[in-house]
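Have a look around, then read on.

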Amino acid sequence: MAMVDIRDARKIYDGGFEALRGVSLQIKEGEILALLGPNGAGKTTLISAICGITQPTSGVIEVGGHDVVSDFRAARRLIGLVPQEINLEPFETVSNTVRFSRGLFGLRRNDALIEQILRKLSLWDKRDNKVMTLSGGMKRRVLIAKALSHEPRVLFLDEPTAGVDVELRRDMWEIVEELRQDGVTIILTTHYIEEAEAIADRVGVINKGQILLVEDKASLMTRMGQKELKVELDDPITAIPEALSGYDLRIEDEGRTLVYGYDTAAERTGIARLMSAFGEAGLVVRDVSTAQSSLEDIFVGLVSDQTQEDAA
């Protein structure tokens with residue numbers, strides 16, 4: 001059974017705007033799913049529906065086997081949420097803020113656990129400080145501590161490192177890895193695609209309220225990734241020679257570099273024939289390098305394809 005099970009979820013707001021358009025998604029226990037999408041894609045609406053902040057118009061959403069509408073309390077008890085917005089009581093202390101969040105879920109006081117969480121997030125020496133005295137990065141740490149205070153089995157991180165310092169980002173990913181090892185399911189939305197590429201098990205792409213793709217990160221990179229061969233020339237050229245006209249080449253670096261794209265999954269890359277053709281064209285090669293397309297390239301391509309389909 002999936003830890004998070006979403007089946008044909010739709011959300012239509014007053015006025016007819018459809019923020020979620022039949023989203024179906026299953027997330028396994030203990031995995032990290034990175035959910036990517038441009039602003040307004042539906043990421044936050046989807047998280048809000050799962051967490052019970054907003055109700056889906058139709059469809060079914062279950063967390064740990066509990067329906068988020070009909071069995072809300074049991075579902076919500078399993079969920080920790082780190083929202084985008086910093087919304088904290090400014091006159092309360094750090095430790096009381098985190099302790100209070102645990103109490104909201106009806107759990108007994110556990111000072112040892114709260115201390116452990118605060119120490120992991122470098123907040124222990126700030127435990128008696130009022131929230132209003134903290135920097136933006138420290139307030140973000142308090143949000144994370146609040147989300148962990150009731151020991152959730154599913155953790156949502158909604159753009160958690162937007163605008164935060166490098167140290168917090170590093171600390172956060174260390175904590176994420178520890179939680180994953182403990183079997184916690186983590187759903188991450190981010191604009192930092194390199195973070196998704198570094199820590200996620202699977203990647204989902206959402207745009208205009210629809211899931212465009214959900215796939216294992218490694219197989220996604222293999223299936224959709226392209227490599228580029230960059231050939232640096234001894235002498236610049238202004239046009240591609242006739243002998244190379246049969247290859248999909250483009251000129252860069254003011255004619256000093258020719259770039260050839262090829263599919264990593266193809267049986268033949270055509271590189272050997274291309275290099276022979278360079279000699280036939282009378283071009284002297286100075287250097288050759290290759291680069292794998294990134295997750296960002298794939299993401300941009302998917303969103304662009306959907307936009308073109310919608311416009312057609």
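Which residue lies over the face of Tyr13? That's Lys11, at 5.1 Å from the ring centre. A charge counts as sitting over a ring if NZ of Lys or CZ of Arg is within 6 Å of the ring centre and within 35 degrees of the ring normal. Another case is Arg127, which lies over the face of Trp124 at 4.0 Å from the ring centre.

Some ground rules: this is a predicted model, where local features need pLDDT of at least 70 and side-chain atom pairs count only at pLDDT 80 or more, while totals for chains, interfaces and linings use all residues. Residues are numbered from 1 along each chain as its sequence is written, and side-chain values use heavy atoms, with hydrogens and water left out.

After α3 comes Gly106, with a positive phi near 75°.

How do α3 and α5 sit together? Their axes, which are lines fitted to C-alpha atoms over the stretch in contact, come within 8 Å and cross at roughly 30° (angles run from 0 to 180 degrees between N-to-C directions). That makes α3 roughly parallel to α5, a label for angles under 35 degrees. Val94, Thr97, Val98 and Ser101 of α3 make the contact with Val142, Ala145 and Lys146 of α5; contact means heavy atoms within 4.5 Å.

Follow α5 on to helix α6 (residues 166-181): these two axes come within 11 Å and cross at roughly 10°, so α5 and α6 are roughly parallel to each other too. On the α5 side, the contact residues include Arg140 and Ile144, and on the α6 side they include Leu168 and Ile175.

Last stop: the structure holds one aromatic pair. Tyr247 and Tyr260 form it, edge-to-face, with 6.3 Å centre to centre and 80° between the planes. Rings of Phe, Tyr and Trp (its six-membered ring) pair if their centres lie within 6.5 Å, and planes over 60 degrees apart count as edge-to-face. Tyr247 sits in the loop between β11 (226-233) and β12 (249-252), and Tyr260 in strand β13 (residues 257-263), 13 residues apart. Tyr247 is buried at 17% relative accessible area, and Tyr260 is buried at 10%.

Key. Helices (H or I, at least four residues) and strands (E, at least two) are DSSP runs, numbered from the N terminus. Rings of Phe, Tyr and Trp (its six-membered ring) pair if their centres lie within 6.5 Å; planes under 30 degrees apart count as stacked, over 60 as edge-to-face and the rest as tilted. Buried means under 20% relative accessible area, exposed over 50%, partly exposed in between (1.4 Å probe, protein chains only). Angles under 35 degrees count as roughly parallel, over 145 as roughly antiparallel, 65 to 115 as roughly perpendicular and the rest as oblique.
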